[in-house]
Amino acid sequence: MLDKITFAKRYSKALFEVLKADGQLDSGYAELKQIEQIFNDNANLSKVLADVSFPENKKQELINPLIDNADSKYIKNLLKVLVGAGKMDALKLIVDNFEALYDKANNIVHASVISAVPLTDDQKNNLSNTFAQRVGADKVIFNCKVDQSIIGGLVVKSSNVIFDGSVKTKISNIKKLLLN
C-alpha cells in the first residue's frame, strides 16, 4: 500500500500532466485552490470523508456538490477517486504537491518577509520585483509578517535564500565584533 505522501505525489503529478496537456493548467490550479479553501474552512470534512465507519451514501451527499460544481472533468474524477478510495485526507497533500509543480513550471517563488512595521503595497511591489530579479523568478508571492523585535529593516526568506537586513542582526554583528 502506498503511503500518503507517495500517493499524493503520484496523483498530483498525473493531474498536473493531464491539465497541462489539455490547456487547463491555470484554471485547474485555481479550482484546486478553491476546493482546498473549502476543506480549510471545514476542518473535519476530509476526516469524515476518509472515515470508513461513515456511511458511503452520506459521503456522497457531502462530496457531490463539490463534484457537480467542478469545471474540470479531471478534478471531478480526482474527487470521485479520492472519496471512493477513502483517501480524501490526502487532498491537502495533493494540492500542495500540485502547487509546487505549478510554481516550478511558472517560475514562481514563495517567500516570507518579516518587517518591523507593515509594508505598503508599493513597498511590497518594489520588493517583489527586486527579489524576483535577484533569484531569477518570474513572480514572487510574499507572506508578510510584522515582528517589532527586528527593530527595523527586513528579513526575506525563500526556500533556498535568506536576506537578513534587519537592524537587530546588524547590532548583533557589531556586538560580536566588539567582543572579539
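Rings of Phe, Tyr and Trp (for Trp, the six-membered ring) pair if their centres lie within 6.5 Å; planes under 30 degrees apart count as stacked, over 60 as edge-to-face and the rest as tilted. By that rule the structure holds 6 aromatic pairs.

Two notes on the ground rules. This is a predicted model, where local features need pLDDT of at least 70 and side-chain atom pairs count only at pLDDT 80 or more, while totals for chains, interfaces and linings use all residues. Residues are numbered from 1 along each chain as its sequence is written, and side-chain values use heavy atoms, with hydrogens and water left out.

Select Tyr-29 and Tyr-102 to start. Their rings are stacked, 4.1 Å centre to centre with 5° between the planes. Tyr-29 sits in helix H2 (residues 25-41) and Tyr-102 in helix H6, 73 residues apart; helices here are DSSP runs (H or I, at least four residues), numbered from the N terminus, as strands are (E, at least two). Both Tyr-29 and Tyr-102 are buried (under 20% relative accessible area, with exposed over 50% and partly exposed in between, 1.4 Å probe, protein chains only).

Next, show H1 (residues 4-21) and H6 (residues 91-105). Their axes come within 8 Å and cross at roughly 45° (lines fitted to C-alpha atoms over the stretch in contact, angles running from 0 to 180 degrees between N-to-C directions). Among the residues that meet are Phe-16 and Leu-19 in H1, and Phe-98 and Tyr-102 in H6, contact being heavy atoms within 4.5 Å.
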